[in-house]
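Biologist: I have a structure open and want to go through some side-chain contacts. Can you help me read them?
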Amino acid sequence: AEHGVKATYYVCGGLAGGTNLDLPQFETEHLQALFEAGHEVGCHTYEHVSVLDLSASALEASLARNAAWVAERLDGHEMTSFAYPFGDVSLAAKPVIAKRFGLGRGVRNGINAGKADRANLQAIGLESRRLPGYDLEAMMAETAARRGWLIAYGHDVMDRPTPYGCRPEDLDRVLRLARSAGLEIAPVGAAWASMRG
């Protein structure tokens with residue numbers, strides 16, 4: 001909010017009110033508040049299950065269940081983007097994702113420029129276990145030079161993050177570097193729509 005930035009929150013309806021990684025998860029009112037504030041809500045399966053463990057029909061069922069769960073709580077909202085749980089991607093899942101969503105985001109490190117696989121877009125992890133390995137200044141400069149798209153993802157943002165999250169100052173640094181490089185910052189679905197349009 002300090003940067004005036006909107007983000008994409010990938011939601012698993014089955015995690016609402018529960019725990020994951022021993023941390024309390026979101027409540028419906030949190031989801032509604034962030035949506036009302038203009039953030040994008042995308043799909044992450046209903047159960048937060050790897051697509052490697054699902055047949056195409058079971059994946060379809062999970063996506064449909066999550067879509068119904070979100071639509072019921074967000075006044076009919078239809079999710080247009082997907083993030084693979086655990087970053088697991090399969091050849092069987094990709095056509096399901098490509099058919100149902102404008103794009104799917106994986107966890108392969110990289111910048112999307114030129115031709116890209118819209119069912120498995122590359123990204124960088126804003127995660128305490130990955131951040132030390134990135135030269136963020138160089139990545140931002142390369143993204144700008146290549147007129148590319150750099151998707152950054154993470155889970156928790158807190159002073160003592162899990163291995164899958166980052167500290168508030170890490171997120172602040174990434175946003176400042178992106179702005180300094182002249183990059184536009186937008187939710188994933190909105191960025192995809194602007195590139196298509």
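Predicted model: local features only at pLDDT ≥ 70, side-chain atom pairs only at ≥ 80, totals over all residues.

Biologist: Which residue does lysine 94 form a salt bridge with?

Modeller: Aspartate 117. The closest N and O atoms of the two are 2.4 Å apart.

Biologist: How many salt bridges does the structure hold?

Modeller: There are 10 salt bridges. One of them joins arginine 173 and glutamate 137, with the closest N and O atoms 2.9 Å apart. Arginine 173 belongs to helix H5 (residues 168-180) and glutamate 137 to helix H4 (residues 136-145), so this pair ties together parts 36 residues apart in sequence.

Biologist: How accessible are those two?

Modeller: Arginine 173 has 38% relative accessibility and counts as partly exposed. Glutamate 137 is also partly exposed, at 42%.

Biologist: What does glutamate 142 pair with?

Modeller: Glutamate 142 forms a salt bridge with arginine 146, and their closest N and O atoms are 3.0 Å apart. Glutamate 142 is partly exposed at 35%, and arginine 146 is partly exposed at 42%.

Biologist: Which residues are linked in a network of salt bridges?

Modeller: Glu127, Arg129 and Arg130 are linked that way.

Biologist: New topic. How many aromatic pairs are there?

Modeller: The structure has four aromatic pairs. Among them is phenylalanine 26 with tryptophan 69, an edge-to-face pair with 6.1 Å centre to centre and 80° between the planes. Phenylalanine 26 is in the loop between strand S3 (23-24) and helix H1 (28-36), and tryptophan 69 is in helix H2 (residues 56-73), 43 residues apart.

Biologist: Is tryptophan 69 buried or exposed?

Modeller: Buried, at 10% relative accessibility. Another ring pair is phenylalanine 82 and phenylalanine 101: the centres are 5.6 Å apart and the planes are at 25°, so the pair is stacked.

Biologist: Where in the chain are phenylalanine 82 and phenylalanine 101?

Modeller: Phenylalanine 82 is in strand S5 (residues 81-83) and phenylalanine 101 is in the loop between H3 and S6, 19 residues apart. Both phenylalanine 82 and phenylalanine 101 are buried.

Biologist: Which residues do ring pairs link into a cluster?

Modeller: Phe82, Tyr84 and Phe101.

Note on methods: Residues numbered from 1 in each chain as written. Heavy atoms only, no water. Salt bridge = Lys/Arg side-chain N within 4 Å of Asp/Glu carboxyl O. Helix = DSSP H or I, 4+ residues; strand = E, 2+ residues; numbered from the N terminus. Buried < 20%, exposed > 50% of the residue type's maximum accessible area, 1.4 Å probe, protein only. Phe/Tyr/Trp six-rings, centres within 6.5 Å; stacked < 30°, edge-to-face > 60°.
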